[in-house]
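Subject: Structure for you to look at

Hello,

I am passing on a structure that you have not worked with before. Please open it first and then read the notes below.

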Amino acid sequence: MGLFDFFKAKQPQQPIMVRKGIDPAYAQMIFNQLGKAPLMGEDTFETYVEKGYQYNADIYSVINLITRKAATAPPVLYEVKDDRAFQKYKAFTSNISKSSDVAEALHLRTKALEEVESSHPIIQTLLNPNELQSYYEFMDNYYGFKLITGNSYMYGVGASSGLNAGKFKQLYILPAHLVRILSNGRYDPVSGYTLTTKYDSQDLPAEKVMHSKYWNPDYSTEGSHLYGQSPLRAALRVMQQSNDAQTASMKLFQNTGAMGILYDNSEDGITPEQAYELQRKWQTENSGPDNSGKIIVTSAKIGWQQLGLSPVDLAIIDSQKMNLRQICNVYKVNSALLNDPDNKTYNNMYEARKALISDAILPELTSARSDLNKWLVEPYKKSEGKDYYLDFDLSVFPELQEDKKEQIQYLERAWWLTPNQKLEEMGYGRNPDPLMDSIYVSIQVTPIDKMNLDPVEQAAGIAAVEAEYAKSQKSSNPIQDEKPMAQFESMAAAHNKKYPKNKVTVAKLDEVFKTGLRVFKEQNLKGNENAFAMSFVARFLKALAKRVSEKAESYNDYPQAATNNAKRALAYAEKNGWGDCGTPVGKQRANQLANRESISRDTIARMASFKRHQQHKDVPYEEGCGGLMWDCWGGTAGIEWAINKLKQIDK
């Protein structure tokens with residue numbers, strides 16, 4: 001008989017009892033005593049399903065809101081490449097609260113993990129769990145049972161022994177309210193599970209069942225803590241009150257005809273025949289929705305006695321609102337998403353949708369991936385010798401994505417990222433062009449490795465190149481339109497004679513010249529393109545000579561305090577991130593000082609000029625950028641040294 005075949009059985013069979021007395025319903029019967037208290041519903045898993053999800057519209061709506069959103073996150077399998085970055089990634093994705101956190105998580109993921117092909121058996125098993133369900137329906141069931149009962153049971157069909165032990169080919173979600181734990185005592189608390197229906201019962205080995213649950217502090221009987229606590233157990237009174245309010249409201253609608261008694265208020269009274277005729281005439285002429293609120297005038301002496309209270313008097317409507325909000329609180333859902341009329345504004349809805357992901361859905365995804373990695377992925381890690389990690393793709397939640405306009409503006413300034421990294425950040429995938437994996441200082445200049453220049457120098461030289469080009473356009477001796485190979489040879493010879501330890505080739509100058517031509521075309525500039533390209537060559541030789549000169553005249557006699565300040569700033573940034581603080585130049589300076597590298601006269605001048613930021617030096621690291629960046633530049637010790645050193649050099 002298959003796992004679910006007994007659902008179709010024609011003859012009822014006796015269910016197998018749970019061993020060791022750890023059934024929660026049994027524990028409830030023993031330890032709960034009747035007293036003078038409101039009549040409560042039965043505290044069992046079946047109650048949560050039948051009187052909660054299947055009976056209460058608010059509970060149904062809240063749970064569906066979470067499960068159907070969570071089930072859209074597809075599984076992705078990775079192989080761990082950097083364990084330190086991986087641990088940071090796991091911690092980061094467990095506490096995402098804003099869109100910038102997602103961007104940081106994606107950055108850590110790129111460093112820590114490498115995606116595995118979706119054809120891997122782990123992914124295929126999840127995407128096609130069984131012949132009856134899709135991945136979406138399967139995960140919807142998984143999250144749903146856990147939110148209703150506090151427990152979710154996933155059953156795997158596969159080999160029990162051998163090389164493929166634990167590698168499941170089919171997966172099923174068991175009805176959590178019908179599953180009980182089998183125990184062999186203290187030293188084997190979970191020996192298996194039993195699935196019991198009114199038709200049959202079937203025992204299941206523990207290793208084939210993944211039991212996901214919420215924490216349960218109930219130790220009222222042996223093993224009761226092995227079950228997860230349902231959120232509805234904490235909300236049992238709210239659930240009962242909500243059900244009663246709906247029942248009361250329905251009965252009021254059904255009994256609106258008997259709102260009171262009309263009686264004779266005269267001294268003589270009326271006969272039964274007269275009373276019957278009065279009632280018949282009243283129903284004929286004044287009943288029905290068309291006569292609602294109508295005033296009747298009569299000369300007879302009559303009286304009125306109202307029966308019961310109006311819905312307003314009973315405060316049923318207000319009670320229903322409060323019940324909805326309390327149920328939403330239990331599940332970490334903003335009631336604005338469930339049409340709460342007093343909590344529904346545009347801003348509330350926007351924030352509520354974001355909070356739904358971070359507060360209600362991400363914790364479920366985090367818990368699910370932890371259980372799946374331990375139960376489903378672990379056998380493949382052992383047999384294939386690879387450090388696999390199963391995760392969910394968070395990019396399907398637009399509420400967590402950064403505003404595209406802000407993201408584009410940020411990426412435009414992020415020159416240290418390659419175009420392919422920027423494409424991945426935007427969610428568009430990689431471009432196979434090799435040039436898309438090079439770092440560009442600016443959109444209109446060449447890759448760093450092609451120019452062989454420091455990125456800071458190259459960025460600073462863009463304006464100078466354009467100025468030299470403009471000047472060349474006004475020269476009385478314009479460069480010829482054809483490529484001046486002879487000039488390349490003479491320029492290279494002159495440079496190599498002056499700097500024999502840092503020679504340049506004609507081919508390199510030709511490469512720089514071609515870069516200048518490409519930039520000229522990309523920017524749609526006017527004038528002589530060869531003149532513009534030659535200005536790139538001149539700038540390149542000038543920068544190269546400057547580097548040679550600076551290398552010959554560099555200094556590292558700055559105080560140890562400057563090095564310590566830079567190290568302290570870098571240590572803080574390593575632990576907490578840079579945030580919005582600093583520029584690439586400032587970060588480069590901190591690394592130079594921390595490593596006690598020799599620095600040029602120009603660098604010392606930049607350090608000296610940083611004194612203009614002295615008013616921000618006392619800002620604590622965690623409160624702003626002032627103190628952090630001050631120490632990156634050596635702090636007071638480093639900047640005072642730079643001022644004095646610059647005077648000494650210039651003498």
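A disulfide would need the two sulfur atoms within 2.5 Å. Cysteine 632 is also buried, and its relative accessible area is 0%. Please keep in mind throughout that this is a predicted model.

Cysteine 581 does have a partner elsewhere. Its sulfur lies 2.0 Å from that of cysteine 625, and the two form a disulfide. The count for the structure is one disulfide. The angle about the S-S bond is -80°, which makes the link of cysteine 581 and cysteine 625 left-handed. Cysteine 581 sits in the loop between helix 21 (560-576) and helix 22 (584-594), while cysteine 625 sits in the loop between helix 23 (601-609) and helix 24 (626-632), so the bond ties together parts that are 44 residues apart in sequence.

Cysteine 625 is partly exposed, at 30%. Elsewhere in the chain, cysteine 328 counts as buried, with 1% relative accessibility.

Now the chain as a whole. It has 25 helices and 13 strands. Of its 651 residues, 41% are buried. If you take the contacts between residues at least 6 apart in sequence, 69% of them join residues at least 24 apart.

Strand 6 (residues 192-196) pairs with strand 7 in the antiparallel sense over five bridges. Within this part, leucine 195 stands opposite glutamine 202 of strand 7.

The other group involves strand 11 (residues 388-392). How many of its five residues are buried? Five of the five are, and the strand is mostly covered. Both of its faces are covered: Tyr388, Leu390 and Phe392 are buried on one side, and Tyr389 and Asp391 are buried on the other. Strand 11 pairs with strand 1 (residues 75-80) in the antiparallel sense, over five bridges. The bridge partner of glutamate 79 is tyrosine 388, in strand 11.

Last, the confidence of the prediction. The chain averages a pLDDT of 77, and 74% of the residues score at least 70. Over residues 6-41 the pLDDT is below 50, and this stretch has 59 contacts in the model beyond near neighbours in sequence. Residues 443-460 also stay under 50, and for them the model has 48 contacts beyond four places in sequence. Where pLDDT is low, the predicted coordinates should not be read in detail.

Regards

Key:
Residues are numbered from 1 along each chain as its sequence is written. This is a predicted model: local features need pLDDT of at least 70, side-chain atom pairs count only at pLDDT 80 or more; totals for chains, interfaces and linings use all residues. Side-chain values use heavy atoms; hydrogens and water are left out. Helices (H or I, at least four residues) and strands (E, at least two) are DSSP runs, numbered from the N terminus. Buried means under 20% relative accessible area, exposed over 50%, partly exposed in between (1.4 Å probe, protein chains only). Contact means heavy atoms within 4.5 Å. Two strands pair if DSSP finds at least two bridges between them. pLDDT is the predictor's confidence in each residue, from 0 to 100.
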